Amino acid sequence: MLTYIQNSDSKNAVDDETRMMDSYVEKVKNLPEVEAGFMTLGDWIDSIVEEAVEEAKRDMREEMAEEVTKEVREQDMKIIVEMLQEYNATKENAVIKLQAKFPQNAGLAAEIVEKYWQEN
């Protein structure tokens with residue numbers, strides 16, 4: 001009976017009392033409300049895989065959104081640098097203007113100005 005209790009496997013029901021217990025266990029397992037909540041190892045693994053896939057998709061979407069945002073922001077900054085240069089601003093003034101317009105990217109301002117400033 002101890003072996004049956006540890007594994008709840010019908011093949012371990014070797015005497016009348018254990019077979020009777022096994023019949024009760026099988027009836028309970030087959031109740032719709034119990035069966036719906038009964039998760040197999042495969043179900044558990046599937047749920048873990050599904051969660052991991054959803055998390056990976058979410059992370060990928062966030063990374064892609066950040067990358068697109070960064071590229072768009074750099075293009076915006078480039079346009080401003082070109083406009084400032086057309087209006088005869090100095091490099092230093094261009095850096096200050098970019099830092100004011102893009103405070104979240106203030107650290108990139110000098111790099112962007114240097115990258116897109118065209119010497120005449």
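1. Ile48 lies in helix α4 (helices being DSSP runs of H or I of at least four residues, numbered from the N terminus). At 41% relative accessibility, Ile48 counts as partly exposed, because that class lies between buried, under 20%, and exposed, over 50% (1.4 Å probe, protein chains only).

2. The model is predicted: local features need pLDDT of at least 70, side-chain atom pairs count only at pLDDT 80 or more, and totals for chains, interfaces and linings use all residues. Residues are numbered from 1 along each chain as its sequence is written, and side-chain values use heavy atoms, with hydrogens and water left out.

3. Patches take residues with over 30% relative accessible area and no salt bridge, nonpolar side chains (Val, Leu, Ile, Met, Phe, Trp, Tyr) being joined within 5 Å and like charges within 9 Å. Areas follow the Shrake-Rupley method with a 1.4 Å probe.

4. A negative surface patch includes Glu51, Glu55 and Asp59; Asp and Glu count as negative, each charge being placed at CG of Asp or CD of Glu. Glu51 belongs to helix α4 (residues 41–86) and is exposed, with a relative accessible area of 58%.

5. There are 6 salt bridges, each requiring a side-chain nitrogen of Lys or Arg within 4 Å of a carboxyl oxygen of Asp or Glu. Among them, Asp16 pairs with Arg19, the closest N and O atoms being 3.0 Å apart; both residues lie in helix α2 (residues 16–30), 3 residues apart.

Methods
Helix = DSSP H or I, 4+ residues; strand = E, 2+ residues; numbered from the N terminus.
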